[in-house]
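Let's take a walk through this model together, with a look at how its parts touch one another.

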Amino acid sequence: MLMTGADIVVETLIEQGVKTVFGYPGGQVIDLYDALFKARHRLNHVLSSHEQHAAHAADGYARATGETGVVIATSGPGATNLVTGIATAYLDSVPMVAITGNVGRSLIGRDSFQECDITGITLPITKHNFMVQDVADLANTIREAFKIARSGRPGPVLVDIPKDIQAAIHEFEPFEQVTPEENDLAEDEEILSAVQMIEESKRPYIYMGGGALRANVENEIIELADCIDAPIGTTLMGISVVPCDHPRYLGMEGMHGHFASSRAQHDADLIICLGARFSDRATGNVAKYAPKAKIIHIDIDAAELNKNVNVELGIAGDMKDALRRIIDQLETVERPAWQKRIAEFKAMQQAQFERVENQKELTPFALINEISKYADPSTPIVTDVGQHQMWVAQYFPFKMPRTFITSGGLGTMGFGLGAAIGASLGTGKRTILFTGDGSFGMNLNDLATVFANQVPVVIVVLNNRVLGMVRQWQTLFYDAHYSHTNLDARQSDFVKIAEAFGIPAFRISSLEELPETAAKAMAKSGPVLIEAEIGRNEFVLPMLPPGGSMDQIITDIEEQEA
Amino acid sequence: MMEHFEIACLVRNSAGVLTRVSSMFTRRGFNINSLAVGPTEDPALSRITISVNGDENIRSQCIKQLRKLYDVKDVKEMISEERVGRELALIKLKNLPETRSDIVSAVDIFRCKIIDFSPSTLCVEITGEPSKINAFITVVEPYGILEMCRSGLVALQRGCSYLNEDIDFRTANNEARQ
């Protein structure tokens, strides 16, 4: 069937199973938006307030559903506004296809109005990108983009389409949905070595990252842990793979990790790392990382093996298959001495938790704990970046995979609201966003999108009127020089802001108000905002001092100052 | 001399492919010593030969990161005992009566050629292993090098092993289009 390039784009998206796209129109995508108009009953388009938020929404959609997120932007500023969103998806390996318009081919290279070299700009933050030079290649290029985004280690792919290509007429034939490339499988010798290393170990520790989430291996991980009597720790990105209340689960490790998992990892003699990249935030000082341990690293991306930490055994390939084959060769064992040690760490951790739980003020813990009572096991929980992000990672009782959505690798303040919109629209579920006054200040114009689409997002703003994470570092390591982290000069009233966008809002200023106000807010079925005033001297603890190793974890600020 | 290694890769002959490869080096902080790119027997493919400074960790990361690039079809390390390699250099020297005969004997000993001659300058063409070219440069430097350019190493594996053993890229590409 003959149709325009713009129609071909839309038909290819529909053919590839896309139901919702996020975007913002502009001069060089008018043709594409005309095609979206014609196909509006078959493909849903969500208009954002800013292309960055549209990219975060596509990202949140992908993280919550496991599908590929799609975002559309115009040339020039529209395309450059996507950059932070694409980089965020790249650092967290999220499958995304970004489609940008560009000026017509005859105008390219002439510094035309709203022209920019977006394929050049996004080169280091995409798995691959394309500029379509011929309408005959258009449909296959988009199909290839989906294939690349979904194959192996997922990631964002950008397709730049000049305006004249969108207008050109060409034949279109629908095709089936592309399937990702098959993953490599581990060699038998590798499986055998892994089994031997596990059998020789006395203190094994399982450590999962975002790769475990994407490999859908929650059952295999628990089975392996039961079989070899090992505890399970996680990176920030691996949170929600294993339910937080699972007896083998020790929590997050690293810079603001849980005490028990960080200490257990430090003492382990074998670390089985599943789909993590040993980032500096997770390992602390790499030179002093896990000094007693041998490491088995299973990852879909061969380039991750021996990249940040040298490992004794690296297995590049399909994680589910590798874990199954390892488990099949293992005998179930018990390791009472190791479990005793872990129980001690857990008891020390419990003592810290109790100190936090028993505080008689509106603490981040009290707030997160109260809100968590209104969440189903499958409610997507989204965060922005900063102290509140770490508190949610530490305290929220996650129960199902893909329910924790956060910008881990890039640490993008302003990620949250867009991602929450995408997660909610993707899953059809009420979604809870925890954000801070700093992060929310970067993206609150997307409240317009929340209202326009009546997206059921509960926005919880933890307001301490400081940029808390940087301030915490200033307190601890910069002689309390609070350089530009004090926001007292701002008099932003987040309740009024939400109301101005048409969204009901509540303020919580004290622990006493918390249960009743939270109940009122959570009784709303549509979007709602809660501004919670918390103290600015709340610190994220535990904390690994910069350059420190896991056994030097700070659990108490007074202790540190003494 | 700093540790270095040599890599040959076959890449899709598409717009921007050299940028994609070199941008990966920049992004990962790898240090390119020389890079040579040109067409191959297959019009769909180009071949890039890269000499890189770095240790064992950088070597393995570099190869693995290259393999991840969509446009890169094959990557092999060129190990010096198992490959034939050549580099071409053109070197323009001061042509003074008192040094001319020394230059001519150096050219003779290194088996290179004088390809241009003017009353005040002469230009030498030298081909060989990069180490041979380095040695020649050391010899002629005192006579005054006015300018020079080097092609960077190009290399093929010895014997019957070659790079595109596993791929018939043109066929694969045609299938994708259908």
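This is a predicted model: local features need pLDDT of at least 70, side-chain atom pairs count only at pLDDT 80 or more; totals for chains, interfaces and linings use all residues.

Domain 1 covers residues 4–77 of chain B, while domain 2 covers residues 84–154.

These two domains of chain B touch through six residues from domain 1 and five residues from domain 2. If you look at the domain 1 side of that contact, two strands of chain B each give two or more residues, namely β2 (31–39) and β3 (45–53). Of these, β2(B) provides the largest share, with three residues. Sorted by class, the domain 1 side of this contact holds three polar residues, two nonpolar residues and one charged residue.

Now step back to see the two chains together. Here chain B contributes 14 residues to the contact and chain A contributes ten residues. Which helices of chain B supply at least two residues each to the side that touches chain A? They are α1 (17–28), α2 (56–68) and α5 (169–177). The largest share of that side of chain B, six residues, belongs to α2(B).

On the side of chain B that touches chain A, you will find seven polar and five charged residues, along with two nonpolar ones.

Note on methods. Residues are numbered from 1 along each chain as its sequence is written. Chains are lettered from A and ligands numbered from 1 in the order in which they are written. Two residues are in contact if their C-beta atoms, placed from the backbone, lie within 7 Å. Helices (H or I, at least four residues) and strands (E, at least two) are DSSP runs, numbered from the N terminus. Ala, Val, Leu, Ile, Met, Phe, Trp, Tyr, Cys and Pro count as nonpolar, Asp, Glu, Lys and Arg as charged, and the others, Gly among them, as polar. Domain bounds come from an automatic or database domain assignment.
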